[in-house]
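Please look over the structure shown below before reading on. The paragraphs that follow go through it part by part.

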Amino acid sequence: MSGGMTKLPVMPARIDRTIDPHELDKAILHMREEERRRIAADLHDGIGQTLSAMQLAVGGLRKLLEDRFTDVEDAIFDYLTERIADAMDEMRRICLDIRPAELDDQGVIHAVSGLCRELSRALTHLDVSLTVRADERDIPLPVKVAIFRILQEACSNACKHARAARVSVLLETDAEGIRLTVADDGVGFATGPARQSRRGYGLGGMRQRAAMTGGSLSVRSQPGKGTQVVAAWPIDQAADAAGPGLTAA
Ligand SMILES: Nc1ncnc2c1ncn2[C@@H]1O[C@H](COP(=O)(O)OP(=O)(O)OP(=O)(O)O)[C@@H](O)[C@H]1O
Ligand SMILES: [Mg+2]
């Protein structure tokens, strides 16, 4: 009897160590996010490549048979070309819209805070500050996805390229709209189309995400003067982004 009583206090401690609900939640979210990323990559590299090949083949066949079409055959070619283009648009949209489950469950402010926290935990030499002057309810879901992805890429660039000491993140909603600013005090770089064409996909991807949700993205940088990425959604466009075209999960 007394042996059983002395063992009792040990139980909760063991349970806490083996299954920390917070750690479990984080692990599940991480796995879901990884799974979504894999699905987007598979879609892009699998179906996307097949559709591109079909588009090329249909275009090639049309060229080959030029002048030898009946009107009906011509209309079929038009139909095929349009349908392939539609499928590619749809696939791109699905890839862009695949989002971390956290955004649905806890909202973008929570997700942005988590990302900043993770960053400063992982890179102790980096001073990451976050200011939020935003109301979650003012941000439509597609814009939340864009904010999260743009922040991920801007932070990844700051870590990979900037050799920065500080990264500051500001998320605001006001009468003008929604704004995300990510600034670092790192080495900076020369912006401009000629320089950017030889670079990676990140900057273009951020621009595309902002544009597809009714916003715009500007990158201000100069060698030695740090980098500032500003994504902005004017209030009307942000409301439009909530339309059915972009809300599918
Ligand atoms: N915060 C930054 N500080 C310094 N240089 C940057 C910063 N952000 C971008 N750059 C420069 O701009 C280039 C293009 O960035 P971009 O994100 O498009 O490509 P990437 O990061 O090289 O590759 P990817 O994003 O495709 O993995 C980078 O290679 C880097 O030279
Ligand atoms: Mg990048």
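Axes are lines fitted to C-alpha atoms, for helices over the stretch in contact, and the angles between them run from 0 to 180 degrees between N-to-C directions. Two packed helices are described by the angle between their axes and the distance between the axes. In this predicted model, helix α7 (residues 141–162) packs with helix α9 (residues 202–212) at an angle of about 160°, and their axes are 10 Å apart. That makes α7 roughly antiparallel to α9, since angles over 145 degrees count as roughly antiparallel. The crossing of these two helices, α7 and α9, is left-handed.

Which residues in α7 and α9 meet? From α7 come A146, R149, I150, E153, A154 and N157, and they meet G202, G205, M206, R209 and A210 in α9. Divided by class, the residues of the contact of α7 with α9 are 5 nonpolar, 3 polar and 3 charged.

Helix α7 also packs with helix α6. Here the angle is about 10°, with the axes of α6 and α7 10 Å apart. The helices α6 and α7 are therefore roughly parallel to each other, as angles under 35 degrees count as roughly parallel. On the α6 side the residues are V108, A111, V112, L115 and L119, which meet K144, I147, F148, L151, Q152 and C155 in α7. The contact of α6 with α7 has 9 nonpolar, 1 polar and 1 charged residues.

These helices belong to a protein chain whose secondary structure comes to 10 helices and 5 strands.

T181 has V230 in β5 as its bridge partner. Strand β4 (residues 216–221) pairs with β5 in the antiparallel sense over 6 bridges, and S221 stands opposite T227 in β5. The strands β4 and β5 form a hairpin with 5 residues between them. In the turn of this hairpin, G224 has a positive phi of about 85°.

Strand β5 (residues 227–234) has a covered face and an uncovered one. Which residues of β5 are on the covered face? They are T227, V229, A231 and W233, while Q228, V230, A232 and P234 are on the uncovered face.

Two single residues remain to be visited. V58 is found in helix α3 (residues 21–64). Is V58 buried or partly exposed? V58 is partly exposed, because 15 other C-beta atoms lie within 10 Å, and a residue counts as buried only if 20 or more do so. The C-alpha atoms of V58 and F77 are separated by 7.5 Å, although these residues are 19 residues apart along the chain. Not counting residues up to four places away in sequence, V58 touches F77, L80, T81 and I84.

R163 is found in the loop between α7 and β2 (166–174). Its phi is near 50°, a positive value in a residue other than glycine. R163 counts as exposed because there are 12 C-beta neighbours inside 10 Å, and 12 or fewer is the limit for that class.

Two totals describe the protein chain. Buried residues make up 21% of its 249 residues. Among the contacts with a separation of 6 or more, 72% are accounted for by residues 24 or more positions apart.

Notes: Residues are numbered from 1 along each chain as its sequence is written. Chains are lettered from A and ligands numbered from 1 in the order in which they are written. This is a predicted model: local features need pLDDT of at least 70, side-chain atom pairs count only at pLDDT 80 or more; totals for chains, interfaces and linings use all residues. Helices (H or I, at least four residues) and strands (E, at least two) are DSSP runs, numbered from the N terminus. Angles under 35 degrees count as roughly parallel, over 145 as roughly antiparallel, 65 to 115 as roughly perpendicular and the rest as oblique. A crossing is left-handed if the near helix is turned anticlockwise from the far one by less than a right angle, and right-handed if clockwise. Two residues are in contact if their C-beta atoms, placed from the backbone, lie within 7 Å. Ala, Val, Leu, Ile, Met, Phe, Trp, Tyr, Cys and Pro count as nonpolar, Asp, Glu, Lys and Arg as charged, and the others, Gly among them, as polar. Two strands pair if DSSP finds at least two bridges between them.
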